[in-house]
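I opened my notebook to look up a few things in this structure. Here is what I wrote down, entry by entry.

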Amino acid sequence: MDTTSAADAATPRPATPLPGSPREHLSSPVTRAVLRLQHTVLDAAREHLGGAGFTELLPPIIGPVTDPGARGAKQVDVDYYGHRYKLMTSAILYKQASLTAFDRIFCIAPNVRLEPLETSSTSRHLAEFHQIDVEIAGASRDDAMAVAEGVVAHVVRRVVERSAGELEVLGRDPDAFADLLSGTPFERRTHTAAVADLHGLGHDQNPDAEIDWVGEAVLSAKSSRPFFLTDYPKGSRGFYDKENPARAGRLLNFDLLAPEGYGELCSGSEREHEYGTIIARMRETGENPAKYGWYLKMVREGIPGSAGFGIGLERLTRYIAGLESVWQASAYPKVPGVVSP
């Protein structure tokens, strides 16, 4: 039985120096191996999703409003011809809107979030990153979870098949993925069960909030394969996560956590799509509906019910490559609080 304690799991990995100059970083054999591996990750994700009937779209980088649900992160304003626009923190609103064109879409979406300074030491936060974003019209949460699991399993399988040389350079043993590739479905745990596990391990997790960063590390360190956390409490996520009609106060959402202490890879949910419900949820979460004019107009006119998710590309790369820090999975890393090119 795994007897990992909260204190053990929360112990940081060995400190990884901050990125050097662009020349030092880009010419490093480690960086080159990581970026080649990441190329395989992107190829495999596109292969899997394209084969499943998804259409790839290019999402906007700026817009009048963006996802308000980024935990603790600040949004970045830009002057767009005299109008205050935002850099995208997530493509969620545009993914829902895009379902008026296609039923199954994905994008490799750039995101900018000015994360709290304390995240500079978590080894898994960047101020600029990318997500493999997916949205499926008419889908349930379970449908989205099945697609997310399929993407991760396919990507890891392709990396093991095609990137043996890169894994060798990085010192990553392909046998680390044997459990993931066994074909056994990823385990599913509820938020309530995860909170109980953490309390039993001595970690004071708030039962009404998202699993915190230390809690994620604790749970992740106890697993040998990715696993889902579901049914987060209402109020812990954005207005677009659908409330479970059979369990008031609980959301039809999920996170996918990597094993070995790497933490969250992916977040997703079934979506709210009814105009009145979205307005009410916006007000409950302190959002001003007036800011969301273009989005609410589309909702009022009708958008499909859907479910979807976003997989952090750099976090997935970090896990597969066995890296100490997520900044090593970026060609031009932006560590929170660190000024860099």
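Two strands count as paired if DSSP finds at least two bridges between them. I also kept in mind that this is a predicted model.

Entry 1, the hairpin. I looked up β3 (residues 77-80) and β4 (residues 83-87), and found that they pair in the antiparallel sense over 4 bridges. Valine 78 has tyrosine 85 in β4 as its bridge partner. The two strands form a hairpin with 2 residues between them. In that turn, tyrosine 81 has a positive phi of about 55 degrees.

UniProt lists residues 104-341, in an unreviewed entry, as "domain: Aminoacyl-transfer RNA synthetases class-II family profile". I found this span to be 32% helix and 20% strand, with its end C-alpha atoms 36 Å apart.

At what angle do α9 (residues 275-284) and α10 (residues 293-301) pack? The angle is about 145 degrees, and their axes are 9 Å apart. From α9, Tyr275, Ile278, Ile279 and Met282 meet Tyr295, Leu296, Val299 and Arg300 of α10. Sorted by class, this contact has 7 nonpolar, no polar and 1 charged residues.

The largest nonpolar core has 47 residues, and Val155, Phe309, Leu316, Tyr319 and Ile320 touch the most other members. Helix α5 (residues 141-162) gives the largest share of this core, 10 residues. Apart from it I found another core of 13 residues, including Ile279 and Val299.

Note on methods: Residues are numbered from 1 along each chain as its sequence is written. This is a predicted model: local features need pLDDT of at least 70, side-chain atom pairs count only at pLDDT 80 or more; totals for chains, interfaces and linings use all residues. Side-chain values use heavy atoms; hydrogens and water are left out. UniProt positions are given in the numbering used here, feature names are shortened, and annotations may be inferred rather than shown by experiment. Axes are lines fitted to C-alpha atoms, for helices over the stretch in contact, and angles run from 0 to 180 degrees between N-to-C directions. Contact means heavy atoms within 4.5 Å. Ala, Val, Leu, Ile, Met, Phe, Trp, Tyr, Cys and Pro count as nonpolar, Asp, Glu, Lys and Arg as charged, and the others, Gly among them, as polar. A nonpolar core is a set of buried Ala, Val, Leu, Ile, Met, Phe, Trp, Tyr and Cys residues joined through side-chain atoms within 4.5 Å. Buried means under 20% relative accessible area, exposed over 50%, partly exposed in between (1.4 Å probe, protein chains only).
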